[in-house]
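My entries follow the display.

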Amino acid sequence: MTLVYSTETGRIKPEIVKEQRPKGDGVVRIQRQTSGRKGKGVCVITGLDLEDKALNSLASELKRKLGCGGSFKDGIIEIQGDNRDLIKQILEQKGFSVKLSGG
């Protein structure tokens with residue numbers, strides 16, 4: 001049972017806990033997925049231990065260099081199309097350890 005109101009302080013607001021993403025093993029993984037996308041393939045990039053702002057700028061840079069769309073959400077970057085080899089080259093130039101995973 002949680003306290004929601006106190007006569008001394010008034011309404012008690014629950015503490016907001018910021019969710020932390022699990023730390024990776026230092027390896028960036030690039031995976032191609034088509035499930036749930038009506039057959040359209042996307043490259044899913046996981047394992048980047050960066051802040052949201054840095055991830056967003058990295059995603060926009062990848063989209064600009066590859067000339068395609070994509071999105072960033074919950075620490076995962078999705079790039080449209082099958083550009084795994086080019087993404088791997090770009091990330092390795094930036095100093096990341098990269099592996100191609102999945103089909």
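**Strands, then helices**

I began with strand β3 (residues 27-33), which is joined to strand β7 (residues 97-101) by 5 bridges, the two running parallel. I counted two strands as paired if DSSP finds at least two bridges between them.

The model is predicted, so I noted the limits: local features need pLDDT of at least 70, side-chain atom pairs count only at pLDDT 80 or more, and totals for chains, interfaces and linings use all residues. Residues are numbered from 1 along each chain as its sequence is written, and side-chain values use heavy atoms, with hydrogens and water left out.

I looked up partners in β7: valine 27 has serine 97 as its bridge partner, and glutamine 31 stands opposite serine 101. β3 also has 5 bridges to strand β4 (residues 42-46), and these two run antiparallel. There, arginine 29 is bridged to threonine 46 in β4.

Which order do the strands of the open sheet have? I read β5-β6-β4-β3-β7, 5 strands with mixed pairing. Neighbouring strands are turned by 20° against each other on average, direction ignored.

I then turned to the helices. α1 packs on the sheet and touches β4, β5 and β6 (76-80); contact means heavy atoms within 4.5 Å. The direction of α1 makes about 10° with that of β6.

Helix α1 (residues 52-66) packs against helix α2 (residues 84-93) at about 125°, with the axes 11 Å apart. That makes α1 oblique to α2 (under 35 degrees is roughly parallel, over 145 roughly antiparallel, 65 to 115 roughly perpendicular, the rest oblique). Axes are lines fitted to C-alpha atoms, for helices over the stretch in contact, and angles run from 0 to 180 degrees between N-to-C directions.

I listed Leu58, Leu62, Lys65 and Leu66 of α1 as meeting Leu86, Ile87, Ile90 and Leu91 of α2. By class, this contact has 7 nonpolar, no polar and 1 charged residues.

Key:
Helices (H or I, at least four residues) and strands (E, at least two) are DSSP runs, numbered from the N terminus. Ala, Val, Leu, Ile, Met, Phe, Trp, Tyr, Cys and Pro count as nonpolar, Asp, Glu, Lys and Arg as charged, and the others, Gly among them, as polar.
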